[in-house]
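Student: I have a model to go through. Can we take it question by question?

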Amino acid sequence: NDDVLLFYRRVWRDKLRYIQGFMIQSKPYLDKYIEGPFKSSALFDQIRLVVAWRGSILCSFPSTPLDSQKQDILLYRSHFSSPFEAAECVMSIPENSIPGSKLLSMSISFFIVLLLVGMIVIDRLISKQMALTQQQSDFVASVTHELRTPLTSIRMYGEMLKEGWVAEDKKNQYYDFIHSESERLSRLIANILVLAGLSNRSHEPSFEEHKLSSLIDMLESKITAQITNAGFDLELPDSEKCSGTVYTDSDIFMQIIINLIDNALKFSKNATQKKISIGVKHIDSALSISIRDFGPGIPKDKEKKIFALFYRGENELTRTTQGTGIGLALVKQLSESIQAKVEVSQASPGAIFHLTLPTEA
């Protein structure tokens, strides 16, 4: 009977089993020992208290009916102590019953979303940092190898020449090789120094107006020996296409073009047609200089990745091409420093790098 609470126990006496207990009316009992203290507390007007027995509700305070379309916000839920462990106390806030309940729900939801977003951001930052650490480790190993290789060659050929172990007809060949390796070493060191300067922003460009023909002549004097020693032919643009001026830093311009040519020579060394072609195209208030090789080209999915710092398209264990992974990344950063843009496109065969420079201040 829901109107009566029965308290009883089972006992044995003189080998006989007895049931002892008593009955009380439930409403007066609950009103006096639960509703009375609850009404006198500051929580009565703000929360709902429900007392249940084995899943059935004994009483609810306040006694207003529950709205089936709304769900209370649970605050506290616990069973009574033994021997009344079958009884349960539940405290909740009826949704929208007080001015701050909706704000509380929104605040909790906001902080949960913020926490999830923060965890995702932290996870990505950690992943990027781990990837960068791995790239830097590969870079240090690669730079060490790239520095050691030309130094070892220069030292070996230098000692052979010093000791007189080289025939006269071979000496010029050895001198050319030492010169070529020293140029390669100089380019590597220059790239590392420029990269360090860009990282700490100590490398500021000096913009001046330059005749395009003068820049092409200066470029030819700097790259002809490098291209010839590699066994390649150099194709330069016609003189009539080299008219006009560009507004740039000549040293940075040279560094960009030399790195692009060095990249073209490395990746087209096994090409059938050993040639580097330099082209010029006037575009409104800008000028585009192209460097084309006739090698295998660049896969479409790697066209953007090749400008990332320390990125190398070949596997570290199987790659056959020399390099540190900073050449093209340096090209991109230097281009941005002089307000220029560098892009790559496919040719048949080979790849074409386009450097677009402003012609006006």
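Student: How many disulfides does a search of the whole structure find?

Tutor: This is a predicted model, where local features need pLDDT of at least 70, side-chain atom pairs count only at pLDDT 80 or more, and totals for chains, interfaces and linings use all residues. Residues are numbered from 1 along each chain as its sequence is written, and side-chain values use heavy atoms, with hydrogens and water left out. A disulfide needs a pair of cysteine sulfur atoms within 2.5 Å. The search of the whole structure gives a count of zero.

Student: Which cysteine sulfur is nearest to that of Cys59, and how far away is it?

Tutor: Cys59 is in no disulfide. Cys59 is also buried, at 9% relative accessible area (buried is under 20%, exposed over 50%, partly exposed in between; 1.4 Å probe, protein chains only). The nearest cysteine sulfur belongs to Cys89, at 9.0 Å.

Student: Is Cys242 buried or exposed?

Tutor: The relative accessibility of Cys242 is 6%. That value puts Cys242 in the class buried.

Student: How many salt bridges does the whole structure have?

Tutor: Side chains of opposite charge can pair when their charged atoms come close. The criterion is a side-chain nitrogen of Lys or Arg within 4 Å of a carboxyl oxygen of Asp or Glu. The search of the whole structure returns eleven.

Student: Where do Asp31 and Lys27 lie?

Tutor: Their closest N and O atoms are 2.8 Å apart, in a salt bridge. Asp31 is partly exposed at 26%, while Lys27 is exposed at 56%. They sit four residues apart, about one turn, and both belong to helix 1 (residues 26–39). Helices here are DSSP runs (H or I, at least four residues), strands likewise (E, at least two), numbered from the N terminus.

Student: What separates Glu159 and Arg155 along helix 2?

Tutor: The two side chains meet in a salt bridge at 3.3 Å, N to O. Glu159 is partly exposed at 41%, and Arg155 is exposed at 60%. Helix 2 spans residues 101–162, and the pair is four residues apart, about one helical turn.

Student: How many residues apart are Glu235 and Lys275?

Tutor: Glu235 and Lys275 form a salt bridge, with closest N and O atoms 3.6 Å apart. The pair links distant parts of the chain: strand 8 (residues 233–235) holds Glu235, strand 10 (residues 275–283) holds Lys275, and the separation is 40 residues.
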